[in-house]
2 protein chains.
Amino acid sequence: MAKQKKQPRPKAITPKGFRDYFGHEVTERAEMLATIAGVYHRYGFDALESSAVETVEALGKFLPDVDRPNEGVFAWQEDDADWLALRYDLTAPLARVYAQYRNDLPTPYRRYAMGPVWRNEKPGPGRFRQFYQCDADTVGAPSVAADSEICAMLSDTLEAVGIARGDYVVRVNNRKVLNGVLEAMGVTEEGQQAAVLRTIDKFDKVGESGVRELLGKGRLDASGAYIDGVGLADAQAEPVIAFLTSKGANAADTLTNLRAAIGDSAIGGEGVAELEQIANLLAAQGYGPDRIEIDPSVVRGLGYYTGPVFEAELTFEILDEKGRKRQFGSVAGGGRYDDLVKRFTGQAVPATGVSIGVDRLLAALREKGRIRSAERGPVVVTVMDRDQMATYQTMVAELRNAGIRAEVYLGNPKNFGNQLKYADKRQSPIAVIQGSDEADRGVVQIKDLILGAQIAENATLEEWKERPSQFEVPRGELVAKVQEILEGQA
Amino acid sequence: MAKQKKQPRPKAITPKGFRDYFGHEVTERAEMLATIAGVYHRYGFDALESSAVETVEALGKFLPDVDRPNEGVFAWQEDDADWLALRYDLTAPLARVYAQYRNDLPTPYRRYAMGPVWRNEKPGPGRFRQFYQCDADTVGAPSVAADSEICAMLSDTLEAVGIARGDYVVRVNNRKVLNGVLEAMGVTEEGQQAAVLRTIDKFDKVGESGVRELLGKGRLDASGAYIDGVGLADAQAEPVIAFLTSKGANAADTLTNLRAAIGDSAIGGEGVAELEQIANLLAAQGYGPDRIEIDPSVVRGLGYYTGPVFEAELTFEILDEKGRKRQFGSVAGGGRYDDLVKRFTGQAVPATGVSIGVDRLLAALREKGRIRSAERGPVVVTVMDRDQMATYQTMVAELRNAGIRAEVYLGNPKNFGNQLKYADKRQSPIAVIQGSDEADRGVVQIKDLILGAQIAENATLEEWKERPSQFEVPRGELVAKVQEILEGQA
């Protein structure tokens, strides 16, 4: 006789590459995003929340660095044969929304958006398949005044969330200058242009001599592998090197160096003029190079954007996994891109914007001690006498009405030790106790759990006697005493 | 020769059943949710944000009223053969999270969660496939003190977001009382019990006589169709009718009526005792029947929950689509359910909670005028002289530093009329104008657009002369004058 098969229980696990956020992880992010939304709103940007789901057709093949359409997204087919997918960023939905509502939206349309996006990629350490993005974009404004506004807003935003001036810099570069450099080099063939772009992207890692080798014959990398070069003549590399190393002591010097690098390229000249306008606009508003600077060594994103490119870097040092000091690095980036809406309407619409890496910025704020990495739990009113539940609930109601986070212990009250263990697990600052004896005398016991823990750890008997961590007060003074202790703990 | 096929442009449309939210629609919801989170937090509830994606296995067949597993969800298969799906509510993920982390979480675990959920259902008017939920649940607390706490918190929450006392009532019922009623009726067979439950659900629509008919021989409904009855004897219906109509002048009367309805059923007695405890706990804390009341006519959800059941109803009247007056109705519901975690662990864990219908509550607040349904736009600094962009950007920076929402017009400045049309579209309260003449004289023109619109609509020539809507002030007084006008508009 065959054994009857028992239905196995489902596994209680988060899907691979996804994670859950608890307590302060949720509230800290919400607070940071609310602060950012406040700055964006003050700059005249309007909120937009598009649906998480888009048609695959509308999303298109827009994800950078992915060749196959739909690769990298979570997609499924509807019964009626439409393919739907979860958005992979907030820019593709903006393009769809702007194309869909362009007759009703103001032009220029300034919008901000914040929310989760999904990537169907192999997860790795610290790399999840759902994460938050926080974007601001201006659609329909061709002038670089829109770009300089984004840079100023980014600077204001970083300071508003708690990154001190001096701990960050917003760097600005321009894709058109690079195009001018390619012209000055005489590199006109698309494949070769792409190869030069890829090489430039490696400047951070391989430095000037490395870039020279890679533009020329090739290079033996650290692992011993030989990397083929682009095959340019030595002299052809000069404009690129001049471009990458053009940063001078101030914006004027940098612009002079850039002009030299691009030779007589028209597009290059346009790019340098744009950078100059941005520098002037920002200088006039008091955004000095301590906050925003022209920096042609910013190469990330140059392949993707069509005009000005910006990147916010945090300049303070942290220790990496191996204990080595390194700069915290990039927390936001953006730039100007013009083909966003064209896919839908056939008309090019200028757009510029920035995206903040929410998790990285949160990590930076934790690193700088700007947010406490643990939250204070509620005041716990313990249950000494099961029949007095109404009394205890009245106590917490009084505390809450005074704005104090408070709760009654709702587990099995039999074992008092469990109640204190619970308070400990909740990181409660205070426990309130009233048994029948205290009730008869009209008093409550108030236990300072933070001080109690400190004393238990460090104090001598003398100190312990001098600094009691438990107080008996008349019932009517419950709220006042709790408030006093909380203020002392803050 | 075949014609070359041109790739058609993608359609810029939101997928069927999904929608986009703009500006104040986003911020008003965010503000309401932040207020609710504040109340929940003060009650000791911790935030939880689980991922939007769950394994189909973990979600299980939990969606009420759906028979096929996975029906009603958006699901897709991973390359490695796992099926994933978007969550359809916030309770199923809570069950998974609690089962997964139960050794690390405090017991009881109070958590709140807010965010979008997805339903793969046929969309209809006002019925979307992505919408927000906002839940609070207490897991691991068997006592009805946990249920009464949820009711008190729901009452506090409604008042905190702007529903006045008297405009809502939280009604409480208990599934165990209904079980007692079934016992008193002598209905023990499961199929028949389910049929009685379905009939009770129709009480709102068909009234007492309708319920009698449906429990007995059947009923001719309004459309002329004959609905088969459950086939009970007339006398058997009495306990149900007694139950449904047991609401008395006060809680004590209601409880007396309920005791009569359940006869000597043990489970029914337990249910009535629970309701009595809840009533006593709430009365002791000052939550009178003007806020929370025992009401056995609350039948929604009785089939789903296992103990106390609650529903928040807004009692003020609105006009429906057909212009008829009706009560606004339900905005939140919840109750106790005990099998939540058992699927995963085999162990029953008591749980109770509430879910707020975010969109309905927002609609109610708009109805009551508690939130403005349109947002004030930014102050717009117009561009009279393209070369003075830095000057204009400095003006908006000054305004923003004073906390005023402000922006420079970034479209093509050639046509000044377009700039004012833009300000109008943005619902801007004020436009600031400085041409070269004003610049030379060190002044700015400040246009009160709200007053201007009012005057244009209503004023006589005399009034128009007396109440100028445009002011010339020294450049140094820009911020002060704008502030003064904004305060006058508020």
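In this predicted model, an open sheet of chain A is built from five strands in the order E16-E15-E17-E18-E19, and its pairing is mixed. The edges are formed by strand E16 (406-408) and strand E19 (470-474) of chain A, each of which pairs on one side only. Direction ignored, neighbouring strands of this sheet are turned by 25 degrees against each other on average. Strand E15 (residues 379-381) of chain A and E16(A) run parallel and are joined by three bridges, with Val379(A) standing opposite Ala406(A) in E16(A). Helix H13 (residues 389-401) of chain A packs on this sheet, where it touches E15, E16 and strand E17 (430-433) of chain A, and the direction of the helix makes about 175 degrees with that of E16(A).

The loop between helix H14 (416-425) and E17 of chain A holds Gln427(A), a residue that has a positive phi of about 55 degrees although it is not a glycine. Most residues other than glycine have a negative phi, and most peptide bonds are trans.

The relation between the two chains can be stated in geometric terms.

The contact between the chains takes 74 residues from chain B and 74 residues from chain A. On the side of chain B that touches chain A, the largest share, six residues, comes from helix H13 (residues 389-401) of chain B. The residues of that side divide into 37 nonpolar, 21 polar and 16 charged. Since 100% of the interface residues of chain B are also interface residues in chain A, the copies meet through the same surface. Strand pairing also links the chains, for strand E2 (residues 46-49) of chain A and strand E1 (residues 21-22) of chain B pair in the antiparallel sense over two bridges, and Glu49(A) has Tyr21(B) as its bridge partner in E1(B).

Within chain B, helix H5 (residues 175-185) and helix H10 (residues 266-284) pack with their axes 7 Å apart and at an angle of about 150 degrees. Angles over 145 degrees count as roughly antiparallel, and H5(B) and H10(B) are therefore roughly antiparallel to each other. Their crossing is left-handed. From H5(B), the residues Lys176(B), Val177(B), Asn179(B), Gly180(B), Val181(B), Glu183(B) and Ala184(B) take part in the contact, and they meet residues of H10(B) that include Ile267(B), Gly268(B), Glu270(B), Val272(B) and Leu275(B). The residues of the contact of H5(B) with H10(B) divide into six nonpolar, five polar and four charged.

How values were computed: Residues are numbered from 1 along each chain as its sequence is written. Chains are lettered from A and ligands numbered from 1 in the order in which they are written. This is a predicted model: local features need pLDDT of at least 70, side-chain atom pairs count only at pLDDT 80 or more; totals for chains, interfaces and linings use all residues. Axes are lines fitted to C-alpha atoms, for helices over the stretch in contact, and angles run from 0 to 180 degrees between N-to-C directions. Helices (H or I, at least four residues) and strands (E, at least two) are DSSP runs, numbered from the N terminus. Angles under 35 degrees count as roughly parallel, over 145 as roughly antiparallel, 65 to 115 as roughly perpendicular and the rest as oblique. A crossing is left-handed if the near helix is turned anticlockwise from the far one by less than a right angle, and right-handed if clockwise. Two residues are in contact if their C-beta atoms, placed from the backbone, lie within 7 Å. Ala, Val, Leu, Ile, Met, Phe, Trp, Tyr, Cys and Pro count as nonpolar, Asp, Glu, Lys and Arg as charged, and the others, Gly among them, as polar. Two strands pair if DSSP finds at least two bridges between them.
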